[in-house]
Amino acid sequence: MYFYKEKPLVAYIAYEPFGIEYLIRFINNYKKFNSGHEHDLLICFKQFKNTETIKQWEKKILLDYIKFDDSNQKNDFDIGSYFRIADKYPNRHILFLNTHLRPNTNNWLKIFINHYSKKKIIGAFASYASLSSQFLNFYYKQHTKFQQLRWGLKHLINVKLFPNPHIRTSMFFMKASDLLSLNFDRNKFIKKIETIYFEGGRKGLSNISIKSGYDLLLVNSDNQVFELNDWTKSQTFYLGKQEKLIFVDNRTEEYSNASLEDQKKMAKSHWGNI
């Protein structure tokens with residue numbers, strides 16, 4: 001097993017504009033499901049208007065945790081906060097979690113620990129989706145075909161065509177210093193589209209990491225690990241009934257609540273014909 005000099009860090013983003021309910025849901029599941037491995041919990045308070053609101057939210061936590069006040073920073077979404085947390089704890093291995101995430105099984109951290117070694121990024125959500133291909137294939141029915149064609153060609157500069165394998169950055173596990181070493185231009189993250197490019201773009205986390213010699217691994221609740229070409233076997237994000245999700249979020253719930261026809265459409269857009 002990989003040797004950790006310090007306890008891993010679980011970093012959760014508590015985002016004030018979304019409301020306290022997401023934090024409560026995370027805390028409830030954090031208490032319900034045993035992580036399976038010793039760690040420190042960090043809660044990042046982002047975009048809070050005042051300290052009094054933070055204090056009110058803190059009363060709901062009732063856990064030992066590290067407080068990370070990120071409320072005075074510009075809104076650079078989850079990604080900006082991830083980098084500042086990594087700056088503060090460069091020697092820690094960090095499970096980054098956005099506001100919507102919550103555990104869905106016991107041993108949720110241990111599974112990542114079991115399969116981690118140097119130069120690896122591990123996710124519980126992944127996809128082969130391409131934003132440019134989605135527009136060029138007229139996936140978004142709320143937009144006209146002309147709009148989608150124009151946007152698809154525009155995004156093609158930054159996002160390669162399907163298949164475009166990437167770990168979803170709503171949550172991932174890696175060493176903080178490895179994230180920092182990839183030298184991303186963080187000033188771009190004030191634009192939402194740049195965070196999407198960070199996730200699945202040509203110069204995003206997954207593609208740059210692959211070029212830098214990293215392995216991208218996907219894990220599921222059965223403690224199974226899947227290399228890039230086998231991700232569709234994981235029974236996780238947008239696959240089948242998603243029976244083996246380690247975490248759930250708004251996207252996995254949207255899929256679960258969709259009609260069978262819409263599930264097939266969503267699965268095809270993210271995974272192709274499987």
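This is a predicted model: local features need pLDDT of at least 70, side-chain atom pairs count only at pLDDT 80 or more; totals for chains, interfaces and linings use all residues.
Start with the rings. The structure holds 27 aromatic pairs. One of them joins Phe 48 and Trp 57. Their centres lie 4.7 Å apart, with 80 degrees between the planes, and the pair is edge-to-face. Both Phe 48 and Trp 57 are buried.

A second pair is formed by Trp 108 and Phe 247. Here the centres are 5.7 Å apart and the planes stand at 75 degrees, so this pair is edge-to-face. The cut-off for that label is an angle over 60 degrees. Trp 108 belongs to helix 4, residues 108–115, while Phe 247 belongs to strand 12; the pair therefore ties together parts 139 residues apart in sequence. Trp 108 has 0% relative accessibility, so it counts as buried. Phe 247 is also buried, because its relative accessible area is 0%.

Trp 108 and Phe 247 are members of a cluster linked by ring pairs. The cluster also includes Tyr 12, Phe 26, Tyr 30, Phe 112, Tyr 116 and Phe 173.

Rings meet charges as well. The charged end of Lys 145 sits over the ring of Phe 138, at 5.3 Å from the ring centre. Arg 168 lies over the face of Phe 237, and the distance to that ring centre is 4.5 Å.

Among the contacts of Asp 249 beyond four places in sequence is Arg 168. Where does Asp 249 sit? Its place is in the loop between strand 12 (247–248) and helix 10 (250–257). The side chain of Asp 249 reaches the backbone nitrogen of Arg 251 at 3.0 Å. Is Asp 249 buried or exposed? With a relative accessibility of 0%, Asp 249 counts as buried, because buried means under 20%.

The last stop is Ile 66. Ile 66 lies in strand 3, which covers residues 66–70. Its relative accessibility is 22%, so Ile 66 counts as partly exposed. Which residues does Ile 66 touch, not counting those up to four places away in sequence? They are Leu 9, Asp 40, Leu 41, Leu 42, Ile 43 and Tyr 89. Cys 44 is 22 residues from Ile 66 along the chain, and the C-alpha atoms of the two are separated by 8.4 Å.

Note on methods:
Residues are numbered from 1 along each chain as its sequence is written. Side-chain values use heavy atoms; hydrogens and water are left out. Helices (H or I, at least four residues) and strands (E, at least two) are DSSP runs, numbered from the N terminus. Buried means under 20% relative accessible area, exposed over 50%, partly exposed in between (1.4 Å probe, protein chains only). A polar contact is a pair of N or O atoms within 3.5 Å; within protein, one must be able to donate a hydrogen and the other to accept it, and residues adjacent in sequence count only if both atoms are side-chain atoms. Contact means heavy atoms within 4.5 Å. Rings of Phe, Tyr and Trp (its six-membered ring) pair if their centres lie within 6.5 Å; planes under 30 degrees apart count as stacked, over 60 as edge-to-face and the rest as tilted. A charge sits over a ring if NZ of Lys or CZ of Arg is within 6 Å of the ring centre and within 35 degrees of the ring normal.
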